[in-house]
Amino acid sequence: MKIKANNANEPIWKEVYSHSNIPKELEPLLEMANNLWWVWNHEGAKLFGRVDNELWKKTEGNPVLLLQSLTYKRIEEIIADKSFMADMEKVYADFKAYVNKKPDTSKPSVAYFSMEYGLTNILKIYSGGLGVLAGDYLKEASDSNIDLCAVGFLYRYGYFTQSLAMDGQQIANYEAQNFNALPLTQVTTSNGEPMVLEVPYPGRIVYAHVWKVSVGRIPLYLMDTDLPENSEWDRSITHQLYGGDWENRMKQEYLLGIGGIMMLDKLGIKKQIYHCNEGHAALINAQRLVNYIQKEGLTFNQALEVVRASALYTVHTPVPAGHDYFEEGLFGRYMGEFPEKLGISWQDFIDMGRENPGSNEKFSMSVFALHTCQEANGVSWLHGKVSQKMFAPVWKGYFPDELHVSWVTNGVHMPTWAATEVKKFYAEKFDKEYLYDQSNKKYWEEIHNVPDVEIYNLRQALKKKLIEYIKEQYRGNWLKSQGDPSKVLSILEKFNTNALLIGFGRRFATYKRAHLLFTDLDRLAKIVNNEKYPVQFIFTGKAHPADGGGQGLIKHIVEISRRPEFLGKIIFLENYDMRLARRLISGVDVWLNTPTRPLEASGTSGEKAEMNGVLNFSVLDGWWYEGYKEGAGWALTDKRTYENQQYQDQLDAATIYNTLEREIIPTFFDRNEQGFSTAWAKYIKNSIAQIAPDYTMKRMLDDYISRFYNKLATRSVVLKENNFAKAKEIAAWKEEVAAHWDSFEIESFSSNPDIFSSNGPIVGEKHQLQLVIDRKELKGMLGVDLVVTQENPETHTMELVQVHKFDLKKEEGSKLYFEKIATPDQSGNLKLGFRVYPENKDLPHRMDFAYVRWIQC
């Protein structure tokens, strides 16, 4: 009998992760690898590079993976290297001295919530500017020794890795992260088991592991739902940043807000301030309300006073369409149980997320944040003004300029974004204290004492470093995507340290207007093909996978870059991440930014360039509206000539070409016998001395502390004292005022002379206005304003001119006697109105209780 052939079954594999075992002698390396301190401390990163330089590059600068990948032989060599071991001990001593410093208790403690954090290219939990700003914030909080913890998600796939097809079409690749090979640790229970967070979702529990990223002295806690205990539907909550449909977004924001607070509770962490970085985190206040009601026995209105007094909302979006809105049905599916927990009706709860209560509007996370946070801010002066207009419908009866919505202009973490060479340069030329007092311009002004040739040499070194990086990183990819090897070699050969390099790197959204430069290709061709004055443009950026317009723009630029007249002159670098950004913003000569004003809330890439002596050429929008100084960069006007955007784009493009041809290029190439331009060096010095110190993360954090954190912490303490006595008092006062708001009456009004006479008020003439109000059943105090407005002839909207607050002269029973001496100081067609509002010295601002009644006088 013939033996039958064996049909082997499918192999059964079990995944194991093999890695090196680090001996005791090298444990300091492992400890430092698991703290991101090395990201902005060059000696730490340099030390890991010495462990194995090739492996360091291969791991893309990941010290955890580096140490896991070491051979036994290499470990023995390192231990035997006395010089290395001595340097390791020195760096480790510096590290321990840094992380062991106790927090500064003179400053408020903060819990910070954000959907993304850009800390390092190897930890893919960020997509762009919002995340990088949050990452910079944590780093500076560490350097400034703030008692801060942060909350976010550990994404399995994060944001996508970008590659380009042969035709220039963007390809989005989602690559799973191996958490075991990243600089983070899993939070465990006392018995060493992974801590499991149980978050009640409708009809089920969603389980999450918690991971900790040490950012210097700052702990960042990240939730991860990719667990077998969850359904496939819920495992994906933390798969992708900004991925999936609206329901997935709702699930993510529910986890960030509700789950984030529950996680801090489980960890035993309580802070003075709760900071929402964008509206994504607004639901933290829903859970905080529940906690105060269930654990402290407060009513909803009392709990709202306490929650608001310790909450800050930072908005980064300049247009209403950019905020998150949820259909009532979808929102109710996840938040339907909360009204019962809060002791209010569903209608009252969902109206907290509507500009017009009682309407059919979608629930806005931003409006909910405004209703549950005492303070709110935009991210530049101009964006603060834009935000006031955007949010004005929330507080009817007040004009945008009167709102409490303020601003803190974004900054960047200088130790992260200044190139190593630049930091060494500053350390040599500036006072050693400048790092601890980065906003002090007297330190930066020392740059004027530096010889021009040293400025030139520094900039040339950084440019050379960028070019070498591009050649090393992109040669292989270009050979695959360009098709013709000769073209790739031609591009690489055309990189020139003597050329004027102009960089453009940002998210490819249509309002960023990356297309402007390509409006007149003939004129552009003349600029880049002038052999006497060589100019090269380097573009990079990702478009959201759902943004067809942005992806089409990338494809268009890639197609242009491959035309013979632009080959090697217009270059597109794929997969814009933090590593490429750091090279680009330090290696180019000019940083170009062309957004449609006022759609750039702040923008920070140009600020990063500033730290490196790179000059900005940008629209006067966002931070550059404040930062631009003549003789320290170039600006496109903030004035709009055409309502038609296409015409405006054509005008702005022509302005770009003119500025390049007549100012930037001639200045750059006005070279002396030593081969550099003293005029260009002067621009760089002015830029470093006059602009850079105003846009550091140190300045930004100091602003948040002085403008918001301190006053929130102070008022929060007052409201909580004596078993929340003040919070209960304010809540009772608001309830009484709301119940009797319609009861007060105007008893009399007089004006001498008559401010409403047929001839109208005369400029400079005093008018005595007297008003008597009978409050009737209303117990609270009232205030009165004379509001002066004027129509804007261009926008045909009413704009605030002045507000004159009446003085309370006396109080007799239920009657209030007001008087105001008003002296008109402006001529023209004006409108006058009288506004009554509830007044209480314990309120932080009028928007805290924005009851208003306009009265006939």
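**Entry 1: Lys776 and other loop residues**

I looked up Lys776 and found it in the loop between E22 and strand E23 (781–791). Strands, as I use the word, are DSSP runs of E with at least two residues, and helices are runs of H or I with at least four, numbered from the N terminus. The model is predicted, so I note that local features need pLDDT of at least 70 and side-chain atom pairs count only at pLDDT 80 or more, while totals for chains, interfaces and linings use all residues. Residues are numbered from 1 along each chain as its sequence is written, and side-chain values use heavy atoms, with hydrogens and water left out.

Lys776 has a positive phi of about 60 degrees, although it is not a glycine. At 39% relative accessibility, Lys776 counts as partly exposed. I apply these cut-offs: buried is under 20% relative accessible area, exposed is over 50%, and partly exposed lies in between (1.4 Å probe, protein chains only).

I then checked Asn575, which also is not a glycine and has a positive phi of about 60 degrees. Asn575 sits in the loop between strand E17 (570–573) and helix H25 (578–587).

I recorded a cis peptide bond between Asn752 and Pro753, with omega about -10 degrees. Pro753 belongs to the loop between strand E21 (745–752) and strand E22 (767–774).

**Entry 2: His323**

I located His323 in the loop between strand E10 (311–314) and strand E11 (325–326). His323 counts as buried, at 6% relative accessibility. Leaving aside neighbours within four places in sequence, I find His323 in contact (heavy atoms within 4.5 Å) with Tyr313, Val315, Thr317, Ser366, Met390 and Phe391. His323 and Ser366 are 43 residues apart along the chain, and their C-alpha atoms are separated by 6.7 Å.

**Entry 3: Aromatic rings**

I applied the following rule: rings of Phe, Tyr and Trp (its six-membered ring) pair if their centres lie within 6.5 Å; planes under 30 degrees apart count as stacked, over 60 as edge-to-face and the rest as tilted. By this rule I have 52 aromatic pairs.

The rings of Tyr201 and Tyr254 have centres 4.5 Å apart and planes at 55 degrees, so I list the pair as tilted. Tyr201 lies in strand E6 (residues 196–201) and Tyr254 in helix H10 (residues 246–267), so this pair ties together parts 53 residues apart in sequence. Tyr201 is buried at 4% relative accessibility, and Tyr254 is buried with a relative accessible area of 2%.

The rings of Trp381 and Tyr625 have centres 5.8 Å apart and planes at 10 degrees, so I list that pair as stacked. Trp381 lies in helix H17 (residues 381–391) and Tyr625 in helix H27 (residues 622–627), so the pair ties together parts 244 residues apart in sequence. Trp381 is partly exposed at 32% relative accessibility, and Tyr625 is partly exposed at 30%.

I also noted a cluster, linked by ring pairs, of Tyr112, Tyr117, Tyr137, Tyr704, Phe708 and Tyr709.

**Entry 4: The whole chain**

I count 30 helices and 28 strands in the protein chain. The radius of gyration is 30 Å, close to the 29 Å that the globule rule gives for 857 residues, so the chain is as compact as a globular protein of that length. This radius is taken over C-alpha atoms, and the rule is 2.2 Å times the number of residues to the power 0.38. Along its principal axes the C-alpha trace spans about 105 × 80 × 60 Å. Of the 857 residues, 56% count as buried.
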